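We will go from stop to stop, picking residues and looking at what surrounds them.

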Amino acid sequence: MSTLPPDGVRWPDTVTATGGDAGALVTARDWSGTPLGPIEGWPQSLRTALALCLHSPAPSVLWWGDGSVALPNDAYRRLLGPGRYAAPGRPGAEVWPGDWAALAPLLAGVRAGQGATDSRDVPVRGAPEEAGEGRWFTFTHSPVTDESGCPAGVLTVGAETTARVVGARRLRLLAALGAALAEPGDPEEVARRAVKTLAGAAPVPFVQLHLATPAGPRLVAADGVEALPGPADGWPLAEVLADGAPRLVPPPDDRPAAPVVAVLPVPDPGAAAPAGVLVAALDPHRPVDADHRAFVELLAGQIGAGLAVARAEHRRAADRAELRLFRALSERALRRAEALARLAGALSSARGRDAIVEVLATVVPAVVDATALRVAVASPGRTVLDVAGDVAAGPLPVDADVPLARAVRDNVVLPLADADGRTTGLCLPLRYGDGGTLGALEVRWADPVADDEALRNLLDAVTALCSQALQRAELTGSAQAMAGFAARLSVTRSTAEAIEVILDAATTALGAELPGLAMRAEGRRVRLWHHDDVPGTLSATFRDLAVDDPRPIVRALRDGERLVLRDRADFAARFPGLPDPVGAHGLVTTVALPLFGAGHRPIAALGFGWRRERPLRDTDLALLDTVADLCEQTLERVRLAAAEHNLVTRLAGRLRSSSLTAPPGVEVATRYRPAMSGLHLGGDWYDLVRQDGDRLAVVVGDVVGHQVEAAADMAQLRTMLNTLIRLGVPLQEVFLRLTELLGVGFLGTCLVVVVDPVARTAHVARAGHPHPVVLPAGGPPRTVQTANALPLGMVDRPMTVTTIAFSPGDVLVAYTDGLVERRGRPYDEGVAALHRSLAAVRDEPVETIADALLHDLAGSEDDQALVVLRHLG
């Protein structure tokens, strides 16, 4: 049996310090009476998953156990609103009372091993003050495995899709309006049809349409959820008709909750003056931003195109070409609206960056009527762009002197011209929310294009959708990389293994290069661990480091300060006069990340960098916190395991055998091999007890449990058995007397074999222990079968003693189960492997036989005790 060692008291403190309000609530709560139990006993898988959840900038919640205990981060709690987020650890039915019937089966399926799933475009209502504002999210539900490899919980991560949902809703309204306007009729009928289409729609709760006449604007149609009173001096209809500029009218003072009203000119294609005025209340649930204004302007423009077509048909003019042009414009707008809706849907369904790039390369050309398109994605800090598209796909240096690279590098729109200087394409940067570039689109058309406002609006919408999708893929990729990093760290057994994983996986998850890990060595020395791919000219500059070295990585180790150097000018400003070998080897942005041990004392510092300037956003800093937390937990865990391993191994090494010499006629070899880590030590032992008449009692035992407690129990049992055997207690009563002396407060197994070389016999008593193996001279190995026996602590009657022949040349092997048991393999196969190994070395000295058995049967996760005897004759 095994138990996980405690990780100390740092973990809850770290959750409080870096997990925000949610982390503080988790550590402040008494979990003893909950299904999760005391926080100090939470398994590593729960701790790691909770750390990922709390550090995630996206709304995230960890559902743990069959009861789906909810552990949300701050962003998720803000979605729930104060009425539901006050206490972490509440059941899901209390967190989502109205939606739990739909959510519970999804989580149960993920825990049942059906794989990850998602909930698309879920409407969320948050705090009461936000009750009128609708937001939509897509939630992904991913399994979290425990130490046994089975799903024990579900990590739900939300990505806001409000912009896409609202955009799709607006596009559907635009498409419906275009269809309504496509039918023939006189201008006033078309106007009434347009208002009827818009009436009551969520994006436009109130609408009026006024047509321009020689006498001034005239109301021809009006409708809405509620009739809105106009300003005291009336809607500014005449002013809009006069200058063609839209107005926004705020709600009156006595109705502050009323929506903002847009008074817009209805353009008349080909005419200088507007055809009318559209009065439209803006959706009160959405911010009045540029996108909102652009949408209602599109409505007015589409109505203007429809009115123009209607006027042309009503006049029955001879100029049918103009009529076809107006119809083509309307149909083109409809096609573009439908194409944008298809693009938004395809991007929301794409999983991962490659799938998103594939959607862009195949769908966007149809949306913008382009003949060719390329997509360049700039991974943070990398000097090479990943380019996909119809032509010239593959890597492209960021500093290449081509428009696509310049658009990323300079964050500007660049035109592409033909031989006559006419624009036949554009390079459009794709941007993060803060304006930084994450890539670019290169769009080319068969014919030259004019600087058209409608085209610019369309391209702005396309680039916004592309940017949002690529940002989402980047966040998802980072979360997956962190999960893989945590999984690799969780199986490390030593400090060396942990360092290897940290250097290999931590920087890979961040897209960084040239990692190094500084740790204190003897005295004031500091040792820098690094991979072989670090240039020798660079690693040589970090030899012979001392704790007072001024360089960033040592400063981070010494002072516990996280250092982020945006570029080499930043380095020179903060470390004047200090040589910069890292910058000389091509790194631009560098980070020195301190790692803390018990008592918040810095124990190491991780350094790495990127070859192109990388601004570290809030999400990137959250990733750094997660990396540091995972590294710190792992280094502390392997340190404790190593200390325990050394302690118990020393204890076990002093408690093996009380007999220093074997009796005449018997050759003996003994071995004890501790487990591969400190988690499985202390329970196995052997003992040799000399008796009168040149007899030898061989004792091999295994105490249930591990760590120091098991070593103490083993020492007590070994001493008591040694004493009982020396006092001459009959072999069949030894285990019964042991139970009488120690009671039943322990469990274990034991084998006692009394070898009598003179009588050429061996007497075997077994209490739940593996059967010994005998190798007769000239015969095959066989297992010594004895009567079934209860383990130690449960023996309540004299044992049956089995007597076998032990003749000259015979070999007898006694062992603990760690020699033959392996995870995922039947026990009998392990015993058969022991027989094969023993037969192969039957003629060798017993010392050689013992070494061969340990070598052939390596790979155990438990202790191994072994005694090999040969009758010399």
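Select Gly 115 to begin: just after helix α7, this glycine takes a positive phi of about 90°. Helices (H or I, at least four residues) and strands (E, at least two) are DSSP runs, numbered from the N terminus. Before moving on, note that this is a predicted model, where local features need pLDDT of at least 70, side-chain atom pairs count only at pLDDT 80 or more, and totals for chains, interfaces and linings use all residues. Residues are numbered from 1 along each chain as its sequence is written, and side-chain values use heavy atoms, with hydrogens and water left out.

Now step back into α7 itself, residues 100–114. Which of its residues are buried? They are Trp 100, Leu 103, Leu 107, Gly 109, Val 110 and Arg 111. Buried means under 20% relative accessible area, exposed over 50%, and partly exposed in between (1.4 Å probe, protein chains only). As a reminder, an α-helix has 3.6 residues a turn, so residues three or four places apart point the same way. Show the elements that cover these buried residues, including β1 (60–64), α6 (92–95), β3 (117–124), β4 (135–145) and β5 (151–160).

From there, pick Pro 151, which lies in β5. Pro 151 is partly exposed, because its relative accessible area is 28%. Pro 151 and Val 110 are 41 residues apart in sequence, yet 7.7 Å apart in space, C-alpha to C-alpha. Leaving aside residues up to four places away in sequence, Pro 151 touches Val 110, Arg 111, Gly 113, Pro 143, Val 144 and Thr 145; contact means heavy atoms within 4.5 Å.

Next, select β1 and β2 together. They run antiparallel, joined by four bridges (two strands pair if DSSP finds at least two bridges between them). They form a hairpin with four residues between them, and Gly 65 in the turn has a positive phi of about 80°. Trp 63 stands opposite Ala 70 in β2. Strand β2 (residues 69–72) is covered on both faces: Val 69 and Leu 71 are buried on one side, Ala 70 and Pro 72 on the other.

Time for some rings. The structure holds six aromatic pairs. Rings of Phe, Tyr and Trp (its six-membered ring) pair if their centres lie within 6.5 Å; planes under 30 degrees apart count as stacked, over 60 as edge-to-face and the rest as tilted. Tyr 76 and Phe 139 make an edge-to-face pair, 6.1 Å centre to centre with 70° between the planes. Tyr 76 lies in helix α4 (residues 74–80) and Phe 139 in strand β4, so the pair ties together parts 63 residues apart in sequence. Tyr 76, Phe 137 and Phe 139 form one aromatic cluster. Both Phe 137 and Phe 139 are buried, and Tyr 76 is buried too.

For a last stop, select Arg 527 and Trp 529. The charged end of Arg 527 sits over the ring of Trp 529, 3.6 Å from its centre (this requires NZ of Lys or CZ of Arg within 6 Å of the ring centre and within 35 degrees of the ring normal). Then select Arg 617, whose charged end sits over the ring of Tyr 432, 3.7 Å from its centre.
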